[in-house]
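Take a walk through this chain with the model open beside you.

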Amino acid sequence: MSRPDHVGESSQDLKAFMKRVRRLELRTERKVDELLVGRWHAAFKGRGMEFEEVRPYVEGDDVRLIDWNVTARAGKPYIKSMREEREMSVMLLVDASPSMRFGSSDRSKWEMVTELAATIGLSAVRNNDRVGLSACGAEGDMRLPSRTGMKHILRIIRELLVLETHQDPSSRSVNDGFLRDAMERISSRRDGRHVVFLISDFREQGFEKPLRVLGRAHDVIPVVVEDPIELRLPAGGLVRLKDSETGRMRWIDLTTSRARRQVQDLIEQHRQYLEVLFTRSATPAVWLNTAEDFMDPLRKFLELRRNVS
């Protein structure tokens, strides 16, 4: 994904940028400490069980783990001791299309996405999991390979902040299927199974089949980022609305109840469409509102996932 240099043109730009990185890191650290470390381990099982050792059987052990060859040689029961293979690969697949720059509240969708991605990434590395990034948008697909460690997470945070700084929210880019192409690219990888956090407002069309294919290859968690005005329109007035994906503008008179009902029906239909799609694809979603803290929905999702796993 082509873009300007990270830090602008002067040392002051560099200092200001690094302060933003540090502030975001500190906010995220507190969220991870508060909530996610224990829940993360419980919600995301390792890739499987691997053999650790053979030891004498004690009362209460699972008899299905008895090693009959060793038991026959020793004349007393021995069992195979197994341990969970914990290392896991997390992929942050982030929609960087123009509509993700929209914000009617204190923060834009992208500002929430950056903090959310940092929280997920830090929670993963605290459990020695690998984290990668794929940000797909009008300027291409920016990718970072899956790695562990704080240095790598800080790089992910920096890259997301750069995208926020340098992308124009009013750009008139035609929807070229950024999200669909990124999903197809990850589905075609042959480097094992990933936990894919698919973070988007899902305004794009034609991603239904790629979502199903991705869900067969990987553990997919859609994260739907919504702005309050996209859920309920403001009362009254002549409003000029822009489709952030196509750049098209239109005026809508919201003073009439009929116009308000028509637009609100379209909003609700889109949400219902996504709910049905995620249900059919067996990919339960996390729903976030930029006017609210994302921790409560994320906490509830991890608790539900832990209980059903």
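Helices and strands here are DSSP runs, numbered from the N terminus; a helix has at least four residues and a strand at least two. Keep in mind that this is a predicted model.

Go to Phe202. It sits in the loop between strand E6 (195–200) and helix H6 (208–217). Is Phe202 buried or exposed? Phe202 counts as buried, because its relative accessibility is 0%.

Asn128 also has a positive phi, about 60 degrees, and is not a glycine. Asn128 belongs to the loop between helix H3 (109–126) and strand E4 (130–137). Asn128 has 58% relative accessibility, so it counts as exposed.

Now follow the Phe202 loop on to H6. The axes of H6 and helix H5 (residues 178–187) come within 9 Å and cross at roughly 25 degrees. Angles under 35 degrees count as roughly parallel, so H5 and H6 are roughly parallel to each other. The crossing is left-handed. On the H5 side, the contact uses Arg180, Met183, Glu184, Ile186 and Ser187. H6 meets them with Pro210, Leu211, Val213, Leu214 and Ala217. Seven of the residues in this contact are nonpolar, one is polar and two are charged.

How far can the model be trusted? The chain has a mean pLDDT of 80, and 78% of its residues reach 70 or more. Over residues 2–8, pLDDT stays under 50. Where pLDDT is low, the predicted coordinates should not be read in detail.

Methods. Residues numbered from 1 in each chain as written. Predicted model: local features only at pLDDT ≥ 70, side-chain atom pairs only at ≥ 80, totals over all residues. Heavy atoms only, no water. Buried < 20%, exposed > 50% of the residue type's maximum accessible area, 1.4 Å probe, protein only. pLDDT = per-residue confidence, 0-100. Contact = heavy atoms within 4.5 Å. Axes fitted to C-alpha atoms, helices over the stretch in contact; angles between N-to-C directions. Parallel < 35°, antiparallel > 145°, perpendicular 65-115°, else oblique. Left-handed = near helix turned anticlockwise from the far one by under 90°. Nonpolar A, V, L, I, M, F, W, Y, C, P; charged D, E, K, R; others polar.
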